[in-house]
Amino acid sequence: MFSGPVQSQLGEDLARLIPSSVYVMSWLRQEKPNNAADHLLLHNGNYSAEAEEALKDLSRLVTGNGFGNFSSVGLRTILSQHPLEAWGQVVRLIVTASNPPLVPQHVSKELVDNATNFWEYAQEGDSFDDLYQVLTPILDEMPLRSYDAFASLCGLVRDCSSSLAKVSSDVGIAVLLQGKHAYTSNDASAISSLFLNMASEAERLFGQSAHKKYGFGLGVRRIARKLDLEMSTVNTPERRRAQELREFYSVVDPPLQDVAESILEYHKFVDVAQALYVKYYMVPEKWLRPLQEQKKKGVRMDWFNNERVLSPRHYGNQLPQANRLAFLINPMQSPMDVLVDEFIDSELAYYRTLLGIGKYYVEEIRSMAKGRQGAAAQVGLGLTLQEIDFLFGARYREIISFSHQFLVMLEPLHLIRTPINYGTRWEALAKCVQEVAPLALFKAYQSYSESYPDCHSLVKTKLKRKVKKNVVTFVDVWNTVRERVPEMEIAPFVDTMDLPLKRVQVYVTILTGIGKNLDKNSKAYESVYAAIDRIQNAAKQLNNSSVPITV
């Protein structure tokens, strides 16, 4: 048990911390969803020194900010400064040792006195409605702040215990009795069983179904008691690192700011840091210390050297050139992983080809068409500025923009090619495809599809034109540029007209290959073929334009 200065926090002062316990429990379940409630159990009946320090910080915060104000930077800071085990013990102390107690004495006495009857109701299975009708009026007698904390406690035990029965037995007796009632071993069994059922049926007793964003419930019950478990006021390590990654991207690669959360959600922190270093030769500045700590703990990080690994601030305005083709890869890849990588790599090659055409080839022939290389070169080129804009103007730019935005969405799967934390890489790929098809895909390719016949006819006519020897035509410029620029595919000029048409077909081909390797009864199979259907839907809409697209 605590001693010394912390002893003064027990009893009456602990009651002031009851509202804050709701936020601490929310943070615990966010950080460790599988077994956060296990930290409510004491080892050898003692609280740790870390728990003492955490309690001191929390008490100072509440005293300094006034009762109920938990949106300050102080709370966000102290939650991340102490280990989860310490916060679990702090929660236990608050819910079991406050004065007045979390569960008022008259409420706990009524629950304890009737625990055996309650358990008999619950044993009947379908008769839980009887238990519900008896329990809810008793729970309604609790003060709102205690009711909220007790509801959060039941939800935490229900969702985040490695052994629901063990945690319920220990916590239930400690919370409902607090040493104020004499009880037999049979009473103890009935009380622990009662708390177990209250935790198991927490949704019915305290709130609605699972929260859409965080996956846990306890929202609004029939008497409209509201328990707000939103985490927007608590800056968890995940939120903090996502913000730091967004700030990093704002300097080195602004379009990727939008996928910072997804990257950290899919992958381990250390892997993300290594991938950033491989690609940008830098990491976010505020990540350097956590990375040092990870290495001290024995995490293998051969790539990390604090003197060598720097942040954007160290480079100032002279940032290293990013390696756009760099990524981390798992050497033991499944056939589906290989196809996911093929999808991403082919999209990247497609984008770089289109970009190369616009940046190098089109700029060159536009310069010639404007007469900057002489009147003879202007005439010999064979294309006017209007014709160049018709072939490579807005319709090309729309497709380039779409491909770039699509690659941004795919970055979490491209940067780190290892199994993701939630689901599979092919399910994540299918999700990305479903977000762009059919609407965005159709919109990007519509203008191209409609104008394709006229463009193709123009190019054929120009190719039939007879020119004098040594005259440099737009085809000659193409052959020169494509051999000089690695971003452009080595292909005849006419093939550039068909690149976008073929790309839509590639989407379906690769996704179909993934689908063939999946169990037809799995959610992954359903998701992949839903993505294929959406692409085919877009293709059908484009077929109503001028050019059929085979898929």
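In which helix does D454 lie?

Modeller: D454 lies in helix α23, which covers residues 439–463. Helices here are DSSP runs of H or I with at least four residues, strands are runs of E with at least two, and both are numbered from the N terminus. The model is predicted, so local features need pLDDT of at least 70 and side-chain atom pairs count only at pLDDT 80 or more, while totals for chains, interfaces and linings use all residues. Residues are numbered from 1 along each chain as its sequence is written, and side-chain values use heavy atoms, with hydrogens and water left out.

D454 has a relative accessibility of 52%, so D454 counts as exposed (exposed is over 50% relative accessible area, buried under 20%, partly exposed in between, with a 1.4 Å probe and protein chains only).

N470 belongs to the loop between α23 and α24. N470 is not a glycine, yet its phi is positive, at about 75 degrees. With a relative accessibility of 72%, N470 counts as exposed.

Both features have a counterpart elsewhere in the chain. N99 and P100 are joined by a cis peptide bond with omega of about 5 degrees, and P100 sits in the loop between α5 (84–97) and α6 (105–113). Y281, also not a glycine, has a positive phi of about 65 degrees. Y281 is in the loop between α15 and α16 (288–296), and its relative accessibility of 34% makes it partly exposed.

Next, the aromatic contacts. The model contains 18 aromatic pairs (ring centres of Phe, Tyr and Trp, the last by its six-membered ring, within 6.5 Å; planes under 30 degrees apart are stacked, over 60 edge-to-face, the rest tilted). One of them is the edge-to-face pair of Y249 and Y280, with 6.2 Å between the centres and 75 degrees between the planes. Because Y249 is in helix α13 (residues 237–252) and Y280 in helix α15 (residues 269–280), this pair ties together parts 31 residues apart in sequence. Y249 is buried, at 0% relative accessibility, and so is Y280, at 2%.

Y361 and W478 also form an edge-to-face pair, since their ring centres are 5.3 Å apart and their planes stand at 90 degrees. Y361 is in helix α18 and W478 in helix α24 (residues 474–484), so that distant parts of the chain, 117 residues apart, are linked. Y361 and W478 are both buried. They belong to one aromatic cluster that also takes in F392, Y396, Y448 and Y452.

The structure has 17 salt bridges (a side-chain nitrogen of Lys or Arg within 4 Å of a carboxyl oxygen of Asp or Glu). R425 and D341 form one of them, with 2.8 Å between the closest N and O atoms. R425 is in helix α22 (residues 425–436) and D341 in helix α18 (residues 335–369), a link between positions 84 residues apart. Both side chains belong to buried residues. R425 and D341 are also part of a salt-bridge network with D337, D345 and R417. R417 has a further contact: it lies over the face of F327, at 3.8 Å from the ring centre (NZ of Lys or CZ of Arg within 6 Å of the ring centre and within 35 degrees of the ring normal). R503 is placed likewise over the face of F343, at 5.9 Å from the ring centre.

D159 and R29 meet at 2.9 Å, N to O. D159 is in helix α9 (residues 144–159) and R29 in helix α2 (residues 18–31), 130 residues apart. D159 is partly exposed, at 31% relative accessible area, whereas R29 is buried, at 7%. R300 and D302 pair with their closest N and O atoms 3.0 Å apart. R300 is exposed at 70% relative accessibility, and D302 is exposed at 61%.
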